[in-house]
Amino acid sequence: MLSKIGFGGGCHWCTESVFQSLKGVEKVEQGWIASIIENSTFSEAVIVSFNERLIDLNTLIEVHLYTHSSTTVHSMREKYRSAVYTFSDSQSILANFILFNFQKDFNNELVTEVQPFKEFKPSPIEFQDYYAKNPKKPFCERYIEPKLKLIEKRFPGSFK
């Protein structure tokens with residue numbers, strides 16, 4: 001069964017390639033997500049479609065926490081909101097529980113919030129699949145490659 005979840009944290013080029021590298025992830029849509037109320041502005045993010053039999057929400061959230069600045073409050077948080085965007089109340093409850101359980105693994109408080117998904121705007125086609133199209137560009141080598149190496153080392157059973 002395919003499920004969807006949204007993730008925001010850093011550059012959506014990085015976030016897209018992180019989730020594309022995971023077994024069980026069927027599709028990653030790169031763009032901007034808006035939530036509600038104080039988070040109703042669009043922020044760089046991805047929508048991840050995943051096969052729950054091959055990868056669970058716990059692993060997806062753990063990968064997300066370790067591949068962006070999930071404990072850092074900085075001036076770019078409106079553009080790079082650290083969030084898990086949920087598509088149902090039950091998914092929201094589960095995501096909050098998972099975040100609560102991971103807090104003990106971090107020295108600083110997690111700033112990642114669970115937000116209800118409201119709206120998505122895709123990136124222009126020329127920026128989609130950015131890493132796959134541009135693996136040797138300096139941005140990819142500097143920012144994306146280290147994240148993929150971290151996943152390969154920390155999550156070897158989930159890395160494609």
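Predicted model: local features only at pLDDT ≥ 70, side-chain atom pairs only at ≥ 80, totals over all residues.
Local features need pLDDT of at least 70 and side-chain atom pairs count only at pLDDT 80 or more, while totals for chains, interfaces and linings use all residues. Residues are numbered from 1 along each chain as its sequence is written, and side-chain values use heavy atoms, with hydrogens and water left out.

**Sheet**

- Helices (H or I, at least four residues) and strands (E, at least two) are DSSP runs, numbered from the N terminus.
- Two strands pair if DSSP finds at least two bridges between them.
- Strands of a sheet pair through backbone hydrogen bonds, either parallel or antiparallel.
- Strand 2 (residues 25-34) meets strand 6 in the antiparallel sense over 4 bridges. Ile33 has Phe120 of strand 6 as its bridge partner.
- Strand 1 and strand 4 run antiparallel and are joined by 3 bridges. Gly6 is bridged to Tyr85 in strand 4.
- Strand 4 and strand 5 are parallel, with 4 bridges. Thr86 has Pro116 of strand 5 as its bridge partner.
- In a regular strand the side chains alternate between the two faces of the sheet. Strand 4 is covered on both faces: Ala83 and Tyr85 are buried on one side, Val84 and Thr86 on the other. Buried means under 20% relative accessible area, exposed over 50%, and partly exposed in between (1.4 Å probe, protein chains only).

**Helix 2**

- Contact means heavy atoms within 4.5 Å.
- Helix 2 is largely enclosed by the rest of the structure, because 8 of its 10 residues are buried. They are Leu57, Thr59, Leu60, Ile61, Glu62, Val63, His64 and Leu65.
- Ile61 sits in helix 2. Ile61 counts as buried because its relative accessibility is 0%.
- Beyond its neighbours within four places in sequence, Ile61 contacts Phe7, Val84, Ala95, Ile98, Leu99 and Phe102.
- Met76 is 15 residues from Ile61 along the chain, and their C-alpha atoms are separated by 21 Å.

**Helix 1**

- The buried residues are His12, Trp13, Cys14, Thr15, Glu16, Ser17, Val18 and Phe19.
- Their cover includes strand 1, strand 2, strand 3, helix 2, helix 4 (130-133) and helix 5 (138-154).

**Cavity**

- The count is 1 cavity of 30 Å³ or more. A cavity is a set of points on a 1 Å grid over the protein atoms alone where a 1.4 Å probe fits but cannot get out.
- The largest cavity holds about 40 Å³ of space. Grid points are joined across faces, edges and corners, and a volume is the space filled by probe spheres set on the points.
- Its lining is Gly10, Cys14, Thr15, Val18, His64, Thr67, His68 and Lys147. Lining residues have an atom within 4 Å of a point.
- Helix 1 (residues 12-20) gives the largest share of this lining, 3 residues.
- The lining divides into 2 nonpolar, 5 polar and 1 charged. Ala, Val, Leu, Ile, Met, Phe, Trp, Tyr, Cys and Pro count as nonpolar, Asp, Glu, Lys and Arg as charged, and the others, Gly among them, as polar.

**Single residues**

- Most residues other than glycine have a negative phi.
- Ile37 is not a glycine, yet has a positive phi of about 50°. Ile37 lies in the loop between strand 2 and strand 3, and is exposed at 67% relative accessible area.
- Asp129 also has a positive phi, about 55°, without being a glycine. Asp129 is in the loop between strand 6 and helix 4, and is partly exposed at 34% relative accessible area.
- Ser158 lies in the segment after helix 5. Ser158 counts as buried, at 15% relative accessibility.
- Neighbours within four places aside, Ser158 contacts Ser21, Leu22, Lys23, Ile55 and Thr59.

Terms used: 1 Å grid on protein atoms, 1.4 Å probe; cavity = no way out; pocket = protein on both sides within 12 Å on 5 of 7 lines; lining within 4 Å.
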